Amino acid sequence: MVQFNNWCDAADSKVGTHPVRILNGDPARLNTGVAATAAVVPNHYTAEDRVAGILRRLGKTEAATFLEGKLPTSKSIRSGDLGEILAAEWIVTQAGYEVPIKRLRWKDHRNMAMRGDDVIGIRLNAQANGLLFLKTEAKSRVSLSAGVVAEARASLDRDGGLPSAHALAFIADRLAEHGNDGLSDAILDAQLKHGIQPHNVHHLLFTFSGNNPEAHLSRSLQTYVGDIAQWSVGLRIEGHAAFVAAVFDLVIANAHH
């Protein structure tokens with residue numbers, strides 16, 4: 001897992017009742033961030049036991065080639081994927097939710113972006129018909145703009161602010177395929193039997209950028225008029241593009257060595 005506290009400084013504020021956290025990558029500790037992020041990236045694209053099986057059967061070179069074939073080569077897709085990966089890691093390490101399915105494993109093509117809800121976190125809660133959901137939109141840009149944040153806000157508000165039926169069915173199907181029938185059934189029960197209500201859902205707008213996102217995130221929250229609790233998290237790293245490149249370069253180097 002990526003422990004952001006090991007290489008980022010955090011500043012917290014609120015817009016009304018909605019928390020905003022700005023994480024600033026410390027230039028003196030960015031190598032720690034690159035290494036920590038590179039360590040988790042492979043598992044977001046393919047299961048560890050899959051790579052291990054290829055390693056045992058065919059050898060290290062072939063296993064490394066298999067993994068490298070999963071990684072995007074497009075700079076923009078790498079940036080977007082890494083924003084989603086970092087959002088998922090923040091959810092697990094900082095928000096207390098589980099991300100049971102790493103959806104990048106099911107990409108149609110390594111240089112294509114996926115559609116639909118970026119990340120959905122899930123937490124067991126006896127008071128919410130069993131589950132709480134964290135609907136997440138992640139945006140990654142060298143220079144984040146108000147328009148990009150507005151796009152994320154529109155995506156969060158889609159489907160009445162609830163996780164989309166397709167996204168939940170996708171997660172439930174993948175969990176059932178992996179033998180996790182308990183959580184798969186709980187998701188379907190929440191969706192089809194009990195009905196998911198706004199109070200069962202939180203939103204997370206996560207940005208990864210080279211510029212300071214605080215003003216854009218705050219303005220987005222100031223204009224939000226819905227009933228769903230909001231979190232906004234902005235990860236700022238000067239040299240955003242260099243950080244993305246360094247992470248993927250290290251992933252490939254680690255696989256071959």
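**Close-up views of a predicted protein chain**

**Figure 1. Ala167 and its contacts.** Setting aside neighbours within four places in sequence, Ala167 is in contact with Asp117 and Ile120, where contact means heavy atoms within 4.5 Å. This is a predicted model in which local features need pLDDT of at least 70 and side-chain atom pairs count only at pLDDT 80 or more, while totals for chains, interfaces and linings use all residues. Residues are numbered from 1 along each chain as its sequence is written, and side-chain values use heavy atoms, with hydrogens and water left out. Ala167 sits in helix H6; helices (H or I, at least four residues) and strands (E, at least two) are DSSP runs, numbered from the N terminus. Ala167 is buried because its relative accessible area is 12%; buried means under 20% relative accessible area, exposed over 50%, and partly exposed in between, with a 1.4 Å probe and protein chains only. Ala167 and Asp117 are 50 residues apart in sequence, and their C-alpha atoms are 6.5 Å apart in space.

**Figure 2. The largest pocket.** Rolling a probe the size of a water molecule over the atoms shows where empty space is left. On a 1 Å grid over the protein atoms alone, a pocket is an open set of points where a 1.4 Å probe fits, with protein on both sides within 12 Å along at least five of seven lines, and lining residues have an atom within 4 Å of a point. The largest pocket has a volume of about 540 Å³, a volume being the space filled by probe spheres set on the points, which are joined across faces, edges and corners. Its lining has 27 residues, and those nearest the centre are Arg103, Met114, Arg115, Asp117 and Phe170. Helix H4 (75–95), strand E3 (119–125) and helix H6 (165–177) each supply at least two residues of this lining. H6 gives the most, with 4 residues.

**Figure 3. Residue classes in the pocket lining.** The lining of the largest pocket has 15 nonpolar, 4 polar and 8 charged residues. Here Ala, Val, Leu, Ile, Met, Phe, Trp, Tyr, Cys and Pro count as nonpolar, Asp, Glu, Lys and Arg as charged, and the others, Gly among them, as polar.

**Figure 4. Lys139 in strand E4.** Strand E4 covers residues 130–141 and includes Lys139. Lys139 has a relative accessible area of 15% and is therefore buried. Beyond its neighbours within four places in sequence, Lys139 is in contact with Leu144, Val148, Glu151, Ala152, Phe206, Thr207 and Phe208. Ser79 is 60 residues from Lys139 in sequence, with 8.9 Å between the two C-alpha atoms.

**Figure 5. Asp159 in a loop.** The loop between helix H5 (146–157) and H6 holds Asp159. Phi of Asp159 is near 60 degrees, a positive value in a residue other than glycine. Most residues other than glycine have a negative phi. Asp159 has a relative accessible area of 44%, so this residue counts as partly exposed.

**Figure 6. Ala38 in helix H1.** Helix H1 runs over residues 30–45 and contains Ala38. With a relative accessible area of 2%, Ala38 is buried. Apart from neighbours within four places in sequence, the contacts of Ala38 are Val247, Leu250 and Val251. Arg141 lies 103 residues from Ala38 along the chain, and their C-alpha atoms are separated by 19 Å.

**Figure 7. Ser232 in strand E6.** Strand E6 (residues 229–236) is the place of Ser232. Ser232 counts as buried because its relative accessibility is 2%.

Figure 8. The protein chain has 9 helices and 6 strands. Its C-alpha trace spans about 55 × 45 × 30 Å along the principal axes. Of the 257 residues in the chain, 47% are buried. Among contacts between residues at least 6 apart in sequence, 72% join residues at least 24 apart.
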